[in-house]
Amino acid sequence: MRTDPRIEVDAMCWEWIDGREESALVVDLSPFGARVERPFVGGVTPHTVPLQLEVPGFDEVMWARAAPTFDQVVQRGRGLVRRTGYRIVAAAQRDLRMLRDYVMTRREDKQNLFDYLMRM
């Protein structure tokens, strides 16, 4: 069961799998992980992967080592998309703080907007 907050995003991510850099799209973030999507090309899911994440709103990328928590193939239009959830297992403390602060700020902004609209 998920206990950490999640926010929807559209951000670039690069996975290093079998010595190759593979680009993906981050579709949601939490302070401790990310869900990424990319075209399905087959292959197995590695136990851990190095990730390079663009944290939206910052002019930086963060490096992390992540472990998959789920990996599934879904139909999207006429093609297949691989959707993988990653839990961050290692990263610089500065990057983890940046990610946590970004997620929590975006979540609060969304809640404040919802509260405002409900009062209208």
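Let's begin with two strands that sit side by side: β1, covering residues 7-17, and β4, covering residues 49-54, pair in the antiparallel sense over three bridges. Keep in mind along the way that this is a predicted model. One place to look for the pairing is Cys13, whose bridge partner in β4 is Leu53.

Strand β4 also pairs with β5, which spans residues 61-76; the two run antiparallel and are joined by six bridges. Here you can find Val49 standing opposite Ala66 in β5. Follow the chain from β4 to β5 and you will trace a hairpin with six residues between the strands. In its turn, Gly57 has a positive phi of about 90°.

Now let's turn to the charged side chains. The structure holds eleven salt bridges. One of them joins Asp28 to Arg6, with the closest N and O atoms 3.2 Å apart. This pair links distant parts of the chain, since Asp28 belongs to strand β2 (residues 20-30) while Arg6 lies in the segment before β1, 22 residues apart. Are the two partners buried or exposed? Asp28 counts as buried because its relative accessibility is 6%, under the 20% limit. Arg6, at 31%, is partly exposed.

A second salt bridge brings together the side chains of Glu15 and Arg38, at 3.1 Å from N to O. Again distant parts of the chain are linked: Glu15 is in strand β1 and Arg38 in strand β3, 23 residues apart. Glu15 has 0% relative accessibility, so this residue counts as buried. Arg38 is buried too, with a relative accessible area of 12%.

For another example, look at Asp101 and Arg100, whose side chains meet in a salt bridge of 3.2 Å, N to O. Asp101 is partly exposed, with a relative accessible area of 39%, and Arg100 is partly exposed with a value of 39%.

Which residues are linked in a network of salt bridges? They are Arg6, Asp28, Arg35, Glu37, Arg76 and Arg83. The side chain of Glu37 makes a polar contact with the side chain of Arg76, at 3.2 Å. Leaving aside neighbours within four places in sequence, Glu37 is in contact with Ala24, Leu25, Val27, Arg76, Val81, Arg82 and Arg83.

Notes. Residues are numbered from 1 along each chain as its sequence is written. This is a predicted model: local features need pLDDT of at least 70, side-chain atom pairs count only at pLDDT 80 or more; totals for chains, interfaces and linings use all residues. Side-chain values use heavy atoms; hydrogens and water are left out. A polar contact is a pair of N or O atoms within 3.5 Å; within protein, one must be able to donate a hydrogen and the other to accept it, and residues adjacent in sequence count only if both atoms are side-chain atoms. Contact means heavy atoms within 4.5 Å. Two strands pair if DSSP finds at least two bridges between them. Helices (H or I, at least four residues) and strands (E, at least two) are DSSP runs, numbered from the N terminus. A salt bridge is a side-chain nitrogen of Lys or Arg within 4 Å of a carboxyl oxygen of Asp or Glu. Buried means under 20% relative accessible area, exposed over 50%, partly exposed in between (1.4 Å probe, protein chains only).
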